[in-house]
Number of protein chains: 2
Amino acid sequence: MLQNDRLLRALLRQPVSQTPLWMMRQAGRYLPEYRAVRATVDGFMGLCKNPKLAAEVTLQPLARYNLDAAIIFSDILTIPDAMGLDLQFVQGEGPKIGLPVRTLDEAKALRIPEPEKDLHYVLEAIDRTKTGLANRVPLIGFCGSPWTVASYMVEGGSSKDFRHIKGLLYREPEALHLILDKLTQAITAHLNAQIQAGCDAVMVFDSWGGVLTTDAYHEFSLPYMKKIVDGLIKDKNGVRVPNVLFTKNGSEWIESIAQTGCDAVGCDWMMPMGTLRERVGDKVALQGNLDPSVLYGSPKTIEAEVQKILASYGHGSGHVFNLGHGIHQYIDPENVDVLVRAVHEFSRAYHQ
Amino acid sequence: MLQNDRLLRALLRQPVSQTPLWMMRQAGRYLPEYRAVRATVDGFMGLCKNPKLAAEVTLQPLARYNLDAAIIFSDILTIPDAMGLDLQFVQGEGPKIGLPVRTLDEAKALRIPEPEKDLHYVLEAIDRTKTGLANRVPLIGFCGSPWTVASYMVEGGSSKDFRHIKGLLYREPEALHLILDKLTQAITAHLNAQIQAGCDAVMVFDSWGGVLTTDAYHEFSLPYMKKIVDGLIKDKNGVRVPNVLFTKNGSEWIESIAQTGCDAVGCDWMMPMGTLRERVGDKVALQGNLDPSVLYGSPKTIEAEVQKILASYGHGSGHVFNLGHGIHQYIDPENVDVLVRAVHEFSRAYHQ
């Protein structure tokens, strides 16, 4: 059905003619056409909650670049928003949760949202995007990981030191486990609803798993992601729906991430792809891992860094090219074109 | 000479009766007596530049706790301040550099400070602290790493995405190398001046090396730290002056850090001490690695986490107990006492 299914094939380690790529936050502020749409709505969540405009910005980077996937424009905090925790995006300060969750009683009171009702706007945006894509490339759905979403819910927003959630972790771990367990149910349901609404692959963003100790990561983040993987729809109308787990600053734990049963692991830029591939063998595909700051460089530098990553991963399938984190808002859109062309052109030699 | 030289012995992997400990930022805002002194001066740098008060706050945690070392109260940004780059600490916003360095010409214009003249206040604070310590425990001197100090100089302050310095790295690496080279000279001279003024050990804080790729870390951070190690005074009056290199989020690179010739490697909390020890063998001592957030826990939790780290490191010398990063300002000072007692008491079994 899909005209270009290289993303799905690479995530399942099936042969491809060239390495597929997409970019985290590819529908975002570095694009003037995104900023134009963003300026017409009230607040960041206003854009997320407008399915027509969310679909429009999702498709914008595809109109400019020869990307191998779209990712639905949404946010990992739609779930606490749907839980009624008073989410606000304050200009220049990032997200704020007006009703943070810091006690066992508050954890007990948390209501698990119903995606078809409480997050219907995401599903409608997916439906509209699929129409717009007209089967050109796959559409990726996503959620935050339970640990990462919980960190915003407990801290009341972004954090540098994670003192509230780590305080809970070390003082009242059972309250934290209850929050994580409810989030796991909410996230699994939301990802499955995204798949049913049309997503061809799904990804879990564990942006803050890397602030944990090895022991704490294996108690408070990874097991919940594994539960999500276990609960995901794996086949839709006989087609595999691959999933990706991504823990920022988590390369030290890549072996255990690979053992969750996920199809692919997202990689930040810290470790070379070749080292990561050696460590996981043929257990999973790998997605990554260009430092987004390379896009501040000249076309020559961008091409050289792309070559380096392709050579490091080496021959064969199982590699989805991506940035190691979201694209920065100050990047020149011209440089993204250099990146996309370089990945496609230089990668062909590795798939012969 | 020193009544308690366990820190120095452990850094040199010589036998000790119990594991020594100190805490990064042990002279800091979690102590009411620190806040009282801080309130009497104008700005954070006002405290750094007052040798009498800097010595006083350096000694404060020693009066409360049975710590095995003092670390001079100062800041890694004293060097850009001495370079005349208009350093300001803005309340609630962190450090600001009024004259950021972003071009080759600005790099060429950088003047390398003379410690005895431009940073005399640090040396006088060291001298006063040594008098106050009366040889009870060693005094640690420190600097930031060239990469870390450069990041503030190029960004103009703290950063989330390091876009200016990484832009320089990928666009004009020779300008960045010049900045790093000058900082290496400045830092080596400053550390040696601190040793001559009385410091018994020195530490280099690479707080931001962990935002680099493996390749970039080995080009823009580690080689400059190695040059510093090469240029340090190693013996003073026949006594070894040990040095410690610490790259936050750098455990992936611990083997190459250990190969610089440094005496010890500082470790954040991400990886278990036993894993890190296996990776470096008997090449270096290790310092770390309690998650500072454990101090939000109950005494029981603190003791259990201390036991875990001691058991993970295992028997024998070469371990300096520390937090994996600076102590948070909201920690209850009572909990630090629990930590100090636990490390000393439980560690004896590992040194028999």
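Predicted model: local features only at pLDDT ≥ 70, side-chain atom pairs only at ≥ 80, totals over all residues.
Q: How many helices and strands does chain A have?
A: Helices (H or I, at least four residues) and strands (E, at least two) are DSSP runs, numbered from the N terminus. Chain A has 16 helices and eleven strands.

Q: How many of the residues in chain A are buried?
A: A residue is buried if 20 or more other C-beta atoms lie within 10 Å of its own, exposed if 12 or fewer, and partly exposed in between, with C-beta atoms placed from the backbone. In chain A, 56% of the 352 residues are buried.

Q: Which residues of H16(A) are buried?
A: An α-helix has 3.6 residues a turn, so residues three or four places apart point the same way. In H16(A), the buried residues are Val336(A), Leu339(A), Val340(A), Ala342(A), Val343(A) and Ser347(A). They fall within an arc of 165° seen down the helix axis (taken from the directions from the axis to the C-beta atoms), so they line one face of H16(A).

Q: What does the face turned away from the buried side of H16(A) carry?
A: That face carries the exposed residues Glu334(A) and Glu345(A).

Q: What do the buried residues of H16(A) pack against?
A: They pack against helix H15 (299–313) and strand S11 (319–323) of chain A, where a contact requires C-beta atoms, placed from the backbone, within 7 Å.

Q: What are the spans of the C-alpha trace of chain A along its principal axes?
A: The spans are about 60 × 45 × 40 Å.

Notes
Residues numbered from 1 in each chain as written. Chains lettered and ligands numbered in written order. Contact = placed C-beta atoms within 7 Å.
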